[in-house]
Amino acid sequence: MQLHNYFRSSASFRVRIALAIKGLSYDYIPVHLVKGEHKNPAYIERIGDALVPTLVTDDGAALSQSMAIVEYLDEMHPTPALLPDTPLARARVRALAQTVACDIHPIANLRVLKYLVHDLKVDEDAKNAWYRHWVRNGLEVFERQLALLAQERVAQGLAPSVLCWGDTPTLADCCLVPQIFNAQRFKVSLDGLPLTMRAFDACMALPAFQQAQPSACPDNEA
């Protein structure tokens, strides 16, 4: 397999985590977003859009959209599973993951921030304020969801979660960790999010998350 990705891309980071959890090898193909390499016509024609990541399977199929890629990997390589056993638990995990991937990330990613600056002429301070507002708002929602899930687990007689759901990484953890990395880079306040940060810290103690982090990527820029 080949993974076309950018070290700082949250969506790419999600897929790297999933690949590491599953112990899958792949060729790392850097696509530098800031330099505009994702706008190469040959790249766009392959996936239909100028986005990262793209996973090229062993059979040569090019897959886009990180959430679809991670679920594809989970279906093709079901152990260890990134989704729980029951439909209700899977829905809970997907809701957590989509809080990040659908609500937080889209309005605070690089192309949105660049549009604010280059097209709408927003200054750097205002751009950063935009980012911090929406990311903090979304993480507070994530925290409330974790609190409700903790109550649900108690009611079901389940042990407290170590990670987002249970004590093994799920799709939710694959999404949370990259978002926290970006929040830290933009100096978003992470105070008052005890369940969220506990899950993040527990994830970062695991080898798969350490292997996938931006600083471990061959195209990392300090």
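## Contacts and overall build

Take the contacts (heavy atoms within 4.5 Å) between residues at least 6 apart in sequence: 66% of them join residues at least 24 apart. Bear in mind that this is a predicted model, where local features need pLDDT of at least 70, side-chain atom pairs count only at pLDDT 80 or more, and totals for chains, interfaces and linings use all residues. Residues are numbered from 1 along each chain as its sequence is written, and side-chain values use heavy atoms, with hydrogens and water left out.

The protein has nine helices and four strands, counted as DSSP runs numbered from the N terminus (H or I, at least four residues, for helices; E, at least two, for strands). Reading from the N terminus, the order is β-α-β-α-β-β-α-α-α-α-α-α-α. The radius of gyration is 17 Å, close to the 17 Å that the globule rule gives for 222 residues, so the protein is as compact as a globular protein of that length. That radius is taken over C-alpha atoms, and the rule is 2.2 Å times the number of residues to the power 0.38. Of the 222 residues, 48% are buried; here buried means under 20% relative accessible area, exposed over 50% and partly exposed in between, using a 1.4 Å probe and protein chains only.

## Leu 19 in helix 1

Leu 19 sits in helix 1, which covers residues 10-22. With 0% relative accessibility, Leu 19 counts as buried. Leaving aside residues up to four places away in sequence, Leu 19 touches Met 1, Leu 3, Leu 24, Tyr 26 and Leu 73.

## Aromatic pairs

There are five aromatic pairs in the structure. Rings of Phe, Tyr and Trp (its six-membered ring) pair if their centres lie within 6.5 Å; planes under 30 degrees apart count as stacked, over 60 as edge-to-face and the rest as tilted. Trp 130 and Trp 134 make an edge-to-face pair, 6.2 Å centre to centre with 65° between the planes. These two are four residues apart in helix 6 (residues 124-155), so about one helical turn separates them. Trp 130 is partly exposed at 32% relative accessible area, and Trp 134 is partly exposed at 32% too.

Then there's Tyr 131 with Phe 186, a stacked pair at 4.1 Å centre to centre and 25° between the planes. Tyr 131 belongs to helix 6 and Phe 186 to the loop between helix 7 (171-185) and helix 8 (194-204), so this pair ties together parts 55 residues apart in sequence. Both Tyr 131 and Phe 186 are buried. Elsewhere, ring pairs link Phe 13, Phe 181 and Phe 200 into a cluster.
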